[in-house]
Amino acid sequence: MSIKSVINDINQTLPQGTRLVAVSKYHPASSIEEAYEAGQRIFAESHVQELQQKEPILPKDIEWHFIGHLQTNKVKYIAPYVSLIHAVDSLRLMEEINKQAARFDRTIRVLLQLHVAQEETKFGFSPEEAEAFLQEGVWKTLTNIQIAGIMCMASNVDNEAQIASEFERAHQFYLMAKERYFADDPAFCECSMGMSDDYLIAIQHGSTLVRVGSKIFGQRVY
Ligand SMILES: *Cc1c(COP(=O)(O)O)cnc(C)c1O
């Protein structure tokens, strides 16, 4: 199937209010252009250097998201144009994003990365840690970032019930955080959940951003 027809098919399955993020990492600019011609405007990359190469040669109205683990010393390279940073899991990273956003006179939207999968990883807040972080409140002093919601990855397993319960846990955290910390802030509105193999489950549990790569662009060649 062509990139265009896959994008159209995915968009038809998404509920209102859920948007498709096309994950273009390891795929060439020509594939991004093909998706762009099909009307796709949100693209995501997970390596700063790769994003740095693609951004200048592609249309300016692309909304670039960063979905990988972001090192603080690389924030400055993407700060002029990045529209949403999905995987933020420390105050230190948030402070750096805030500082670089201020340099470019911008506000950068970020998502709290929640660790809800059973797999071991050093990335992401547990829901308890994320709650403690919000409770502590230092983030409120960072005026050049906007915490816009949460992101998570489910376990890489075939067990759909397990995947569903992980997405549900993240969604419940989102609802709690919205009520307790962002009740007056309509910009806190995103649940970034779901990839090629599990986005259909994620949309049943409140996903507003599905991050789909290989289903659109084919297998990645690393
Ligand atoms: C690569 C990646 C995706 C896309 O994965 P696919 O299985 O190719 O759809 C989504 N989210 C994150 C964080 C990724 O790194």
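## Basis of the model

The model is predicted, so local features need pLDDT of at least 70 and side-chain atom pairs count only at pLDDT 80 or more, whereas totals for chains, interfaces and linings use all residues. Residues are numbered from 1 along each chain as its sequence is written, and side-chain values use heavy atoms, with hydrogens and water left out.

## Around the ligand

Oxygen atoms of the ligand lie 2.7 Å from a polar side-chain atom of Lys-25, 2.7 Å from a polar side-chain atom of Arg-220 and 2.8 Å from a backbone N or O atom of Ser-214. Taken alone, the ligand exposes 390 Å², of which the protein buries 90%, with areas computed by the Shrake-Rupley method using a 1.4 Å probe.

## Two loop residues with positive phi

Tyr-26, although not a glycine, has a positive phi of about 65 degrees, and it is found in the loop between strand 1 (19-23) and helix 2 (29-37). Asp-105, likewise a residue other than glycine, has a positive phi near 55 degrees and is found in the loop between helix 5 (91-103) and strand 5 (108-114). Helices (H or I, at least four residues) and strands (E, at least two) are DSSP runs numbered from the N terminus.

Tyr-26 counts as partly exposed at 32% relative accessibility, while Asp-105 is exposed at 72%; buried means under 20%, exposed over 50% and partly exposed in between, with a 1.4 Å probe and protein chains only.

Key
A polar contact is a pair of N or O atoms within 3.5 Å; within protein, one must be able to donate a hydrogen and the other to accept it, and residues adjacent in sequence count only if both atoms are side-chain atoms.
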